[in-house]
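Please open the model in a viewer and keep the selection tool at hand.

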Amino acid sequence: MRRIPSPLPYLFIALLAAAGLGYFHFVAWQSLSGRVSNAYTGAAMPGVPVVVSSASAAEATPPVRAAAQVTATTAPDGTFYIERIPDMPVVTVNVDGFSPQTIDAQGQRDVQVELVPNVLTGVVLASNGQPVPGASIISGAVRVLSGPDGSYELKGAADDRKLVVKAPGYLSQQIDVGRVVTQNVTLEPFTVKAIYISGDTIATPGKYQGLLDLIDRTELNAVVVDVKADNSGQVLYASELAIVQQLGTASPLISDLGGLLAQLKERGVYRIARLSVFWDQAVTAAKPEWALQSRKAPGQPWIAGNGTRWANPYNPEVWDYNIAIAKEVAQKGFDEIQFDFAYFPSVGELEDIDYGPHAEGKKRVDAIGGFLQKAYAELSPMGTFIATNVLAFTPFVSDDMGIGQSFELMAATNDYICPYLYPSDYPQGFDDFENPAEHPAEIVTRTLSRATTRLQGSGARLRPWLQDFHGRNVTYDAAKVRAEIDAAEAGGAAGWMLWNFGNTYTEGALKAP
């Protein structure tokens, strides 16, 4: 009988050939096709460079067979085709006006690339239809200002499509933009007319309720609430921050901050958190190395002329500590964060201060400006306004007054600049006034005029602190307090705030709602 040859050897050879051809075509000589389109409209995107590179070209052993990187350009219909691509291919498409796309193409023969537009344009208008120039439009880490006609162009919009729009003198807006490239925004005007309320007052229910009743009866529409006390530096609410709990720097006079904010919001009251920054006994006791140090007594905190310690404004850990508190209270619902004592000490043996290694090559204005710049960058995307209190004479001097407060530099990183315009604090003979405290309207008017000139082009607005307490041999009655308010409003201030340490205010100086 004739033996029939076994087909197995031929089958094996055929399989080897097919495998070799498959490897040659799909691995060694893999091709890739695809299409690039606009993710919002679906429209084809012609003339777009498509880069295919190897994810491991640098590490591959032996070296990859194909080129480490190849490029194609999309056709009029948005398609592309590359005949030979590297091993472990990664597709990258980067087009101006769209978020970059990177796609792992291993095992794929066809790749669909949908580019998301990241340029947003629009107009910011007030509720009366007038343009709002100088408004901040913020998306992630990107911030632009609206022009004189209210228009803006924001390049590099964040992928989450969330937008914060705010302008001093208006309420802020937080918008989920969605799949659009044009977003117009309407802002509601709002002028703050505020009183200061301390933690002690909030902890005294009857007194606090009396102030709420005062707000109901008058034009007042805002409060400034201490969340971190000046001098003591104690955090005045039950903070959940690990660093505050670790250092034990909280003394929660405000037992229910969330409830307090909800109550104020229900009444339509604008809420400002006042946070003392560098004059801080609590944190310098818990972390002595964060304090300004003494040259004469190495290893010991420097003591100011009034017997107190100051945290080191050059220390970035001090910055982070205060910014963390500001962010926490912003998340709880405050509309605005107001920084106080954001400056260097001016009382005591200043030449004894050792500023430490963080100060090398830097000036005082670098420390204060750096802190405010970081605070603005981290707080603004939350929709929170930023304000900083400044000394009344800051607009009148060209230097930093020895405390690091440069008017122009601070204006660049704040929504509001808040000078302490207390006529009783002005020296005898200021502007030829024998007793400035007797001339509240003139003092407020002249200081605001000088400050307004120096704020030109910054986008920041002035909102002064006004005196509602008796001064040196001067009784501040309703007429004098009202004179301050009228001068502030006539001088173009973006609102005003009344200061009385004991939180006792002159109702006769206030108009009806």
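## First stop: a pair of helices

In this predicted model, select helix α7 (residues 316-332) together with helix α8 (residues 364-379): the two pack at an angle of about 30 degrees, and their axes lie 10 Å apart. Angles under 35 degrees count as roughly parallel, and α7 is therefore roughly parallel to α8. Viewed as a crossing, the passage of α7 over α8 is right-handed.

Next, display the side chains at this contact. On the α7 side, select Trp-319, Asp-320, Asn-322, Ile-323, Ala-326, Lys-327 and Ala-330. Their counterparts in α8 are Ala-367, Gly-370, Phe-371, Lys-374, Ala-375, Glu-378 and Leu-379. Coloured by class, the contact of α7 with α8 shows eight nonpolar, two polar and four charged residues.

## Second stop: another helix pair

The crossing of α10 and α11 is right-handed.

Which residues of α10 and α11 meet? From α10, select Pro-440, Ala-441, Val-444, Thr-445 and Leu-448; from α11, select Lys-480, Ala-483, Glu-484, Ala-487 and Ala-488. In the contact of α10 with α11, seven residues are nonpolar, one is polar and two are charged.

Now turn to the strands and select β4, β1 and β7. They form an open sheet in the order β4-β1-β7, and the pairing is mixed. At the edges are β4 (79-82) and β7 (110-115), each of which pairs on one side only. From one strand to the next, the twist averages 20 degrees.

Select β10, β9, β12 and β13, which make up an open sheet in the order β10-β9-β12-β13 with antiparallel pairing. Strands β10 (142-145) and β13 (173-176) stand at the edges with a single partner strand each, so one side of each has no neighbour in the sheet. Neighbouring strands here are turned against each other by 20 degrees on average, with direction ignored.

Within this sheet, centre on strand β9 (residues 136-139) and β10, which pair in the antiparallel sense over four bridges. Select Ser-136 and look across to β10, where Leu-145 stands opposite.

## Last stop: the whole chain

Clear the selection and display the entire protein. How many helices and strands does the protein contain? Its secondary structure comes to 11 helices and 27 strands. The radius of gyration is 32 Å, well over the 24 Å that the globule rule gives for 513 residues, so the protein is more spread out than a compact globule.

Notes
Residues are numbered from 1 along each chain as its sequence is written. This is a predicted model: local features need pLDDT of at least 70, side-chain atom pairs count only at pLDDT 80 or more; totals for chains, interfaces and linings use all residues. Side-chain values use heavy atoms; hydrogens and water are left out. A crossing is left-handed if the near helix is turned anticlockwise from the far one by less than a right angle, and right-handed if clockwise. Contact means heavy atoms within 4.5 Å. Ala, Val, Leu, Ile, Met, Phe, Trp, Tyr, Cys and Pro count as nonpolar, Asp, Glu, Lys and Arg as charged, and the others, Gly among them, as polar. Two strands pair if DSSP finds at least two bridges between them. Axes are lines fitted to C-alpha atoms, for helices over the stretch in contact, and angles run from 0 to 180 degrees between N-to-C directions. The radius of gyration is taken over C-alpha atoms; the globule rule is 2.2 Å times the number of residues to the power 0.38. Angles under 35 degrees count as roughly parallel, over 145 as roughly antiparallel, 65 to 115 as roughly perpendicular and the rest as oblique.
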